[in-house]
Amino acid sequence: RIQQAAYALIPDHQKAATHIKVGRLLLKQTPPDRLDDVLFDAVNSLNLGRSLITNPKEQRQLVQWNFKAGQKAKASAAYRSALYYLETALELLPSEAWQVSYDLALNLHLQAAEVAYLATDYARSHSLVQCIQHRAKPGLDQAKAYEIQIQFHMAQSQLSEAIAAGLTALKQLEIDLPDIESVEECDRLSQTLTLPALDRLDDLPEMTDPRYLAALGIIRTVVSPAYQANPTTFYRLILAQVKLCLAHG
């Protein structure tokens, strides 16, 4: 009650500046090893006064603080709160962020797209994924967006759309599926593969190439809707997965 009364005494035109002062003091006076304890309070205060923050360096720092708060909220499954922090960070990004801070812009959009899907805000997740697909570099970076797209289609039981997104992502990674049109052809092709003995698996090299690892991640995500909706595509995906492992670890 005392806090509420004190807050009510602050003139409205001074509240934003007071919030900034509180947020700055929290960050300045808290030891580095205890910043996590005050992270949400500090970021919430700074966000309430962010319209008054005009220093580009402090704006960039607030982007990072919101990013960190969003990740912390996501780890606690507080997806709505996480989306608020990540959306605030996106709002604070400069218009040229994709050119001057590409990694930050990409990671922020990816995190926000995933959290929006987890918060069941599928329209916002779709919008963010489209932005990534339009702005990100082809290949690995765009494939990450397609993986999120697969997941939000699956969450809405849109199996055909999920499969289509997965196949597009594999094309982005230059991964070709076996050219077969029936389960019988899959069976015949599988007989031509020479698999290592189980007792030799520990001796085989591990896959390290990021492109092939990303491809395996995409396949792992899309096999579930393919199993339910398109058995031939399911077999093609499994064969592609086995062939990738045989060829690249």
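# Reading helices, cores and loops in a predicted model

Modeller: Histidine 153 has its place in helix α9, and since this is a predicted model, every value discussed below is a computed one.

Biologist: Is histidine 153 buried or exposed?

Modeller: The cut-off for calling a residue buried is under 20% relative accessible area. Histidine 153 has a relative accessible area of 9%, and therefore counts as buried. Once its neighbours within four places in sequence are left aside, histidine 153 is in contact with Gln158, Glu161 and Ala162.

Biologist: Where is histidine 19 found, and which residues is histidine 19 in contact with, leaving aside its neighbours within four places in sequence?

Modeller: Histidine 19 is found in helix α2, which covers residues 12-29, and with a relative accessible area of 14% histidine 19 is buried. Its contacts, with neighbours within four places in sequence set aside, are Tyr7, Ser45, Leu46, Leu48 and Gly49.

Biologist: How should I read arginine 34, and is arginine 34 buried or partly exposed?

Modeller: Arginine 34 lies in the loop between α2 and α3, the latter being residues 35-48, and its relative accessible area of 49% makes arginine 34 partly exposed. The C-alpha atoms of arginine 34 and leucine 48 are separated by 22 Å, while the two residues are 14 residues apart along the chain.

Biologist: Let us turn to pairs of helices. At what angle do α3 and helix α5 pack, and why is α3 called oblique to α5?

Modeller: The angle is taken between N-to-C directions and runs from 0 to 180 degrees. For α3 and helix α5 (residues 79-92) the angle is about 45°, with the axes 12 Å apart, and that angle makes α3 oblique to α5. The crossing in which α3 passes α5 is left-handed. On the α3 side, Phe40, Val43, Asn44 and Asn47 meet Tyr84, Tyr85 and Thr88 of α5, and the residues of this contact divide into four nonpolar, three polar and no charged.

Biologist: How do the axes of helix α12 and helix α13 cross?

Modeller: The axes of α12 (residues 210-229) and α13 (residues 231-248) come within 8 Å and cross at roughly 160°, which means that α12 is roughly antiparallel to α13. In this pair too the handedness can be read, since α12 passes α13 in a left-handed crossing. Among the α12 residues that take part are Tyr212, Leu216, Ile219, Val223 and Tyr227, and among the α13 residues they meet as a group are Phe234, Leu237, Ile238, Leu244 and His248. By class, the contact of α12 with α13 has 16 nonpolar, three polar and one charged residues.

Biologist: Which residues of α11 and α13 make the contact between those two helices?

Modeller: First the geometry: the axes of helix α11 (residues 183-190) and α13 come within 9 Å and cross at roughly 15°, so α11 and α13 are roughly parallel to each other. Their crossing is left-handed. The contact is made by Val183, Cys186, Leu189 and Ser190 of α11 together with Pro231, Thr232, Tyr235, Arg236 and Leu239 of α13, and by class this contact has six nonpolar, two polar and one charged residues.

Biologist: Which members of the largest nonpolar core touch the most other members?

Modeller: Leu93, Leu106, Leu108 and Ile132 do, within a core of 37 residues. Several helices supply at least two residues each, including α2, α3, α4 (56-75), α8 (122-135) and α9 (140-155), and the largest share, ten residues, comes from α7. Leucine 93, with neighbours within four places in sequence left aside, is in contact with Val63, Leu104, Ala105, Leu108 and His109. Another core, of 24 residues, lies apart from the largest one, and Ile150, Ala162, Met207 and Val223 are among its members.

Biologist: Finally, backbone torsions: what is phi of alanine 77, and what is phi of threonine 120?

Modeller: Most residues other than glycine have a negative phi. Alanine 77 has a phi near 65°, a positive value in a residue other than glycine. Alanine 77 lies in the loop between α4 and α5 and, at 46% relative accessibility, counts as partly exposed. Threonine 120 likewise has a positive phi, near 65°; threonine 120 is found in the loop between α7 and α8, and its 49% relative accessibility makes threonine 120 partly exposed.

Methods: Residues numbered from 1 in each chain as written. Predicted model: local features only at pLDDT ≥ 70, side-chain atom pairs only at ≥ 80, totals over all residues. Heavy atoms only, no water. Helix = DSSP H or I, 4+ residues; strand = E, 2+ residues; numbered from the N terminus. Buried < 20%, exposed > 50% of the residue type's maximum accessible area, 1.4 Å probe, protein only. Contact = heavy atoms within 4.5 Å. Parallel < 35°, antiparallel > 145°, perpendicular 65-115°, else oblique. Nonpolar A, V, L, I, M, F, W, Y, C, P; charged D, E, K, R; others polar. Core = buried A, V, L, I, M, F, W, Y, C linked by side-chain atoms within 4.5 Å.
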